[in-house]
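Here's a quick briefing on a single chain, grouped by topic. Have a look at the model first, then read on.

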Amino acid sequence: MSSKTYDTWYNMRRRCSDPTHLTAARYQAAGITASEEWRDYRKFLADMGEQPEGTTLDRIDGTKGYSKENCRWATPFEQAHNKRVYKNNTTGIKGVSWHNQRQKWRAYGKLTPDSPIEGLYYGPDFFLACCKRKSWENRYGVGT
């Protein structure tokens with residue numbers, strides 16, 4: 001018998017262990033694993049409970065693997081704001097980047113995967129770009 005929670009557990013395990021899985025490069029190559037305890041579905045279910053409607057399994061720290069301490073059930077909105085800083089980000093701050101051609105700092109935000117990018121700042125001051133991004137995060141209740 002299959003359930004939404006079981007399917008989520010099964011797919012989590014495959015991402016971390018099956019080299020033929022579509023996302024193997026993103027997970028396995030990055031060293032993302034599932035905890036030893038979570039090889040057993042019953043332990044996963046005891047730790048996480050049934051998957052609430054409208055949520056998916058989310059790693060709180062995207063650089064770490066799947067474990068009781070690092071996972072939660074999250075809405076798409078929460079997941080959209082719990083992403084790692086992109087590899088090409090040279091500032092280390094989400095939503096703040098340097099526009100090389102124009103020699104200006106850019107601050108931006110995006111509330112959901114489907115929403116347009118909101119321009120928050122475009123100018124010469126890195127500190128002001130960071131402040132604008134932080135202010136936007138506080139206004140919408142999203143983390144860094």
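Let's start in a loop: Gln103 sits between strand S3 (96–99) and strand S4 (104–109), where helices (H or I, at least four residues) and strands (E, at least two) are DSSP runs numbered from the N terminus. This is a predicted model, in which local features need pLDDT of at least 70 and side-chain atom pairs count only at pLDDT 80 or more, while totals for chains, interfaces and linings use all residues. Residues are numbered from 1 along each chain as its sequence is written, and side-chain values use heavy atoms, with hydrogens and water left out.

- Gln103 isn't a glycine, yet its phi is positive, at about 55°.
- Gln103 is partly exposed, with a relative accessible area of 46%; here buried means under 20% relative accessible area, exposed over 50%, and partly exposed in between (1.4 Å probe, protein chains only).

**Overall layout**
- The chain has 5 helices and 5 strands, and from the N terminus on they run α-α-α-β-β-α-β-β-β-α.
- Along the principal axes, the C-alpha atoms fill a box of roughly 55 × 30 × 25 Å.
- Of the 144 residues in the chain, 36% are buried.
- Take the contacts (heavy atoms within 4.5 Å) between residues at least 6 apart in sequence: 40% of them join residues at least 24 apart.

**Surface and charge**
- The accessible surface is about 9,400 Å², and 52% of that belongs to carbon and sulfur atoms; areas come from the Shrake-Rupley method with a 1.4 Å probe, and for residues only the protein chains shown count as cover.
- There are 24 positive and 16 negative side chains, and the centres of the two sets lie 8 Å apart.
- In that count Lys and Arg are positive and Asp and Glu negative, with His and the chain ends not counted; each charge is placed at NZ of Lys, CZ of Arg, CG of Asp or CD of Glu.

**Nonpolar cores**
- A nonpolar core is a set of buried Ala, Val, Leu, Ile, Met, Phe, Trp, Tyr and Cys residues joined through side-chain atoms within 4.5 Å.
- The largest core has 14 residues, and Met12, Trp38, Phe44, Met48, Leu57, Tyr66 and Cys71 touch the most other members.
- Helix H1 (4–17), helix H3 (41–48) and strand S2 (71–74) are the elements that give two or more residues to this core.
- Apart from this core lies another, of 9 residues, including Val96, Leu120, Cys130 and Val142.
- Not counting residues up to four places away in sequence, Phe44 touches Thr5, Trp9, Met12, Trp38, Gly49, Leu57 and Trp73.

**Cysteines**
- The structure holds 0 disulfides, a disulfide being a pair of cysteine sulfur atoms within 2.5 Å.
- Cys16 is buried, at a relative accessible area of 12%.
- Cys130, in helix H5 (residues 126–140), is buried too, at 17%.
- The closest cysteine sulfur to that of Cys130 belongs to Cys131, 6.9 Å off and too far for a bond.
- Cys130 touches Ile93 and Val96, leaving out residues up to four places away in sequence; Cys130 and Val96 are 34 residues apart in sequence but 6.5 Å apart in space, C-alpha to C-alpha.

**The Lys64 loop**
- Lys64 lies in the loop between strand S1 (56–59) and S2.
- Neighbours within four places in sequence aside, Lys64 is in contact with Ile32, Arg59 and Asn70.
- Lys64 and Ala34 are 30 residues apart along the chain, with 9.4 Å between their C-alpha atoms.
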